[in-house]
Every structure is written in C-alpha cells, then in structure tokens.
Amino acid sequence: MTALLTIIIVLFAAVAIWQMVKIFDLAQVGTTSSPVATDHDNNINGYMMIGFLIFIYIITILSFWYLGDLPLVSNAASEHGPGLDNLMIISMVVIFIVQTVTQFLLHYFAFKYRGEKGKKALFYADNNTLEFIWTIIPVIVLAGLIIYGLFTWNDIMNIDEDDDPMVIELYAQQFNWKARYSGADNVLGKANVRLIDIDRANVLGIDEDDPNAQDDVIVTELHLPAGQPVLFKMRSQDVLHSAYMPHFRAQMNCVPGMVTQFGFTPTVTTAEMRESPDMVEKVKHINELRLERKAEIEEAGQELVYEFDYLLLCNKICGKSHYNMQMKIIVETQEEFDAWMKEQKTFPNSLN
C-alpha cells in the first residue's frame with residue numbers, strides 16, 4: 001500500500017511539474033530571445049566553470065580531511081596483503097594526480113577560451129607532437145600498472161606446494177558457509193552434491209567410502225593458525241557465491257559444478273588485531289553508535305557490545321538472505337589451533 005501511494009505521489013508531482021513548464025513557456029510568448037550566446041552569456045558560463053573547479057577541489061580536500069582514512073588501506077592480515085595494498089595505493093595516487101590535472105585544464109581552458117565577440121578560434125587540423133604526448137604517457141603509465149598488477153597477481157595465485165599448505169574446503173550454499181579440514185593426511189575426501197544425504201547428516205556430499213575422507217573435519221567456524229600457508233578449495237551447492245575475506249585480501253568465486261581455489265598465509269592473530277590501535281579506535285566508535293540504538297538492538301536480541309572478528313562473507317548477491325551469509329574466522333597460534341582441532345569430530349563420527 002505504501003509503495004502504491006508513493007508511485008501515485010510521484011506521478012502527481014511529475015504532472016504538476018509538466019504543467020508548470022507549459023505555463024512558463026506560455027508566459028514567454030512575445031518576449032525576444034536569441035539562440036546566439038552573447039558575451040555576457042559566455043562570461044557567465046566561463047566564471048561558472050572556474051567556480052565549479054574551485055568547488056570540486058574544496059569538496060575533495062574536505063573529503064580527505066573529514067572522511068579520509070589514511071593510509072588508504074591498512075590492517076592487512078595476510079602475507080600477500082601489503083603488496084596488494086601497495087598496488088591499490090599506487091593506482092589511487094595515479095588516478096588522483098591525473099584527475100586533478102585534467103579537471104584543471106578542462107575548466108581553465110573553458111574559461112580562458114570562452115566566446116568573445118570579434119574573436120575567432122584558431123583551429124589545428126592535427127598536431128602530431130601533441131597527439132604523441134597524450135598517447136604515449138597513458139600507454140607507459142597503464143603498462144606499468146598492468147605489469148605490476150600481473151606480478152602481484154602471480155605472487156598471490158601461484159601456490160608453492162613445497163610450503164605444504166594446509167588444505168581446507170569452503171562450501172557455500174544459500175545462505176551459509178561450512179569449512180572442511182583435510183585432516184592429518186592433508187587430502188580432502190571426494191565429494192559430490194549427488195551424495196548429499198540429509199538423513200545421515202552428510203550435508204556436503206562426501207564419499208563415505210573414500211579413505212581420504214575418514215579424517216576430514218567439518219565445522220561452521222573457521223580456525224586458522226598464524227604463519228601457516230592455507231590453500232582453500234571452494235565449492236558451491238546451488239548458485240554463484242563469492243568467498244570474500246577482506247582483511248586477508250582474499251576473494252574467489254564459488255561456482256556450482258567446479259572447484260576453485262585461493263591460498264594465503266594469515267599473519268595477524270585475532271587477538272593481535274583486536275589490540276591494534278586502529279582497530280581499538282574503530283571498535284570504540286562502532287560501540288558508541290550502537291549505544292545510541294541500545295533499545296533497538298536489545299529488542300532485536302543482539303549483543304550490544306561489538307567485538308572485532310575476522311569474517312568470511314559472500315560477495316555475490318545470491319538471494320534474499322545474501323546479507324546474512326557469513327562465517328567467523330579465528331586466527332590463533334599453532335598451539336591454540338591444535339588444541340581446538342582435537343575437540344572436533346571427524347567426518348565418520350559426525351554422521352547419524
């Protein structure tokens with residue numbers, strides 16, 4: 001009902017504006033107006049261009065001053081994270097410089113060469129030197145960024161098997177995540193969605209007869225030991241999902257019918273990240289905002305005090321509960337991880 005009333009109001013507003021435009025046009029009948037711009041018109045447009053240039057520079061400075069969080073990206077918690085952050089910072093700096101220079105030239109030339117009575121524009125059919133300059137500079141800059149990006153990408157995606165990474169499967173389904181550890185043999189058991197048996201609690205479709213599956217461990221909370229390389233194998237049960245772990249600078253699509261992978265080495269434990277000055281300040285600010293909505297939060301049955309946790313999120317709009325598709329990630333010491341793993345059930349012991 002509310003949507004219908006909104007649509008009706010918008011339609012009435014559109015009709016009213018249309019009628020006002022018609023009345024304005026009728027009111028102009030008999031007045032003299034020339035389609036040719038005068039020097040007065042050109043001067044107004046020229047000064048407006050300079051005014052808008054000043055406006056966008058002021059807005060940019062204020063945005064950096066009040067809204068900017070420098071450095072542009074921080075809190076990387078994986079081994080490859082700082083390299084990816086550097087690539088992002090370099091790209092943003094180049095974009096900012098180019099935008100600042102080109103916007104100045106655009107608005108300044110529009111002001112300087114505004115129309116003036118008796119003044120004729122000088123026209124160049126071509127200028128090979130100028131065209132060479134504005135072609136070769138973007139080519140060099142973009143080639144540099146692309147080559148740097150390719151090296152960074154290769155460093156991330158080329159998993160060194162000599163590092164003996166711990167193999168973990170991330171299983172996506174509307175609208176939750178499950179993780180499967182490969183166990184002592186570090187080999188995941190075979191799995192297929194056709195083998196899913198809800199009555200047996202075999203929710204991932206693991207082959208119960210596969211020897212490599214006997215020590216697999218299925219969990220709903222992901223634990224990772226700091227300093228240990230991890231190789232994630234990713235599957236989707238239903239639609240396209242995307243495994244996104246922002247603090248680890250990791251993201252990979254989970255595609256139905258195929259296995260994708262992404263690897264990284266976590267470097268900062270959850271406890272260490274919670275104690276970092278930036279995170280302490282951010283959590284404090286979040287809790288101040290939540291305190292203002294105390295009644296609403298408590299009514300919803302949520303915890304009032306926010307505490308930082310790494311999260312695995314879905315970064316593809318996969319359905320109506322997409323926003324709620326997340327899993328907590330705990331990065332801890334090797335000793336803490338080993339103690340936690342001993343408490344988990346192996347796959348055969350988790351079946352009904």
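**Labels and their grounds**

Modeller: Asn75 sits in the loop between α2 (39-67) and α3. Keep in mind throughout that the model is predicted.

Biologist: Why is Asn75 called buried?

Modeller: Its relative accessibility is 18%. Buried means under 20%, so Asn75 counts as buried.

Biologist: Which residues is Asn75 in contact with, leaving aside its neighbours within four places in sequence?

Modeller: They are His247, Arg249, Met273, Ser276, Asp278, Met279 and Lys282. Contact here means heavy atoms within 4.5 Å.

Biologist: Arg249 is on that list. Where is Arg249 found, and is it buried or exposed?

Modeller: Arg249 is in the loop between β6 (241-245) and β7 (250-254). With 16% relative accessibility against a limit of 20%, Arg249 counts as buried.

Biologist: What is noted about the phi of Arg249?

Modeller: Arg249 has a positive phi of about 50°, although it is not a glycine. Asn186 is also not a glycine and has a positive phi, of about 60°. Asn186 is placed in the loop between β2 and β3 (217-219).

Biologist: What makes the peptide bond from Gln174 to Phe175 cis?

Modeller: Omega for that bond is near 0°, and the bond is cis. Phe175 belongs to the loop between β1 (166-173) and β2 (176-181).

Biologist: Why does Asp199 count as exposed?

Modeller: Exposed means over 50% relative accessible area. Asp199 has 68%, so it counts as exposed. Asp199 lies in the loop between β2 and β3. Its C-alpha atom is separated by 53 Å from that of Ile9, and the two residues are 190 residues apart along the chain.

Biologist: Why is Met49 called partly exposed?

Modeller: Its relative accessible area is 28%.

Biologist: Where does Met49 lie, and what does it touch?

Modeller: Met49 lies in helix α2. Not counting residues up to four places away in sequence, Met49 touches His107 and Ala110.

Biologist: Now the whole chain. How many helices and strands are there in the protein chain?

Modeller: The protein chain has nine helices and 10 strands.

Biologist: Why is the protein chain called more spread out than a compact globule?

Modeller: For 352 residues the globule rule gives 20 Å. The radius of gyration is 30 Å, well over that value, so the chain is more spread out than a compact globule. The C-alpha atoms fill a box of roughly 90 × 60 × 45 Å along the principal axes.

Biologist: What share of the residues is buried, and what is the accessible surface of the protein chain?

Modeller: Buried residues make up 28% of the 352 residues. The accessible surface comes to about 23,300 Å², and 63% of it belongs to carbon and sulfur atoms.

Biologist: How much of the contacts with a separation of 6 or more comes from residues 24 or more positions apart?

Modeller: Such residues account for 70% of those contacts.

Biologist: What is the lining of the largest pocket by class?

Modeller: The lining has 13 nonpolar residues, two polar residues and no charged residues.

Key:
Residues numbered from 1 in each chain as written. Predicted model: local features only at pLDDT ≥ 70, side-chain atom pairs only at ≥ 80, totals over all residues. Heavy atoms only, no water. Nonpolar A, V, L, I, M, F, W, Y, C, P; charged D, E, K, R; others polar. Helix = DSSP H or I, 4+ residues; strand = E, 2+ residues; numbered from the N terminus. Rg over C-alpha atoms; globule rule 2.2 N^0.38 Å. Buried < 20%, exposed > 50% of the residue type's maximum accessible area, 1.4 Å probe, protein only. Areas by Shrake-Rupley, 256 points an atom, 1.4 Å probe, with all protein chains shown as cover.
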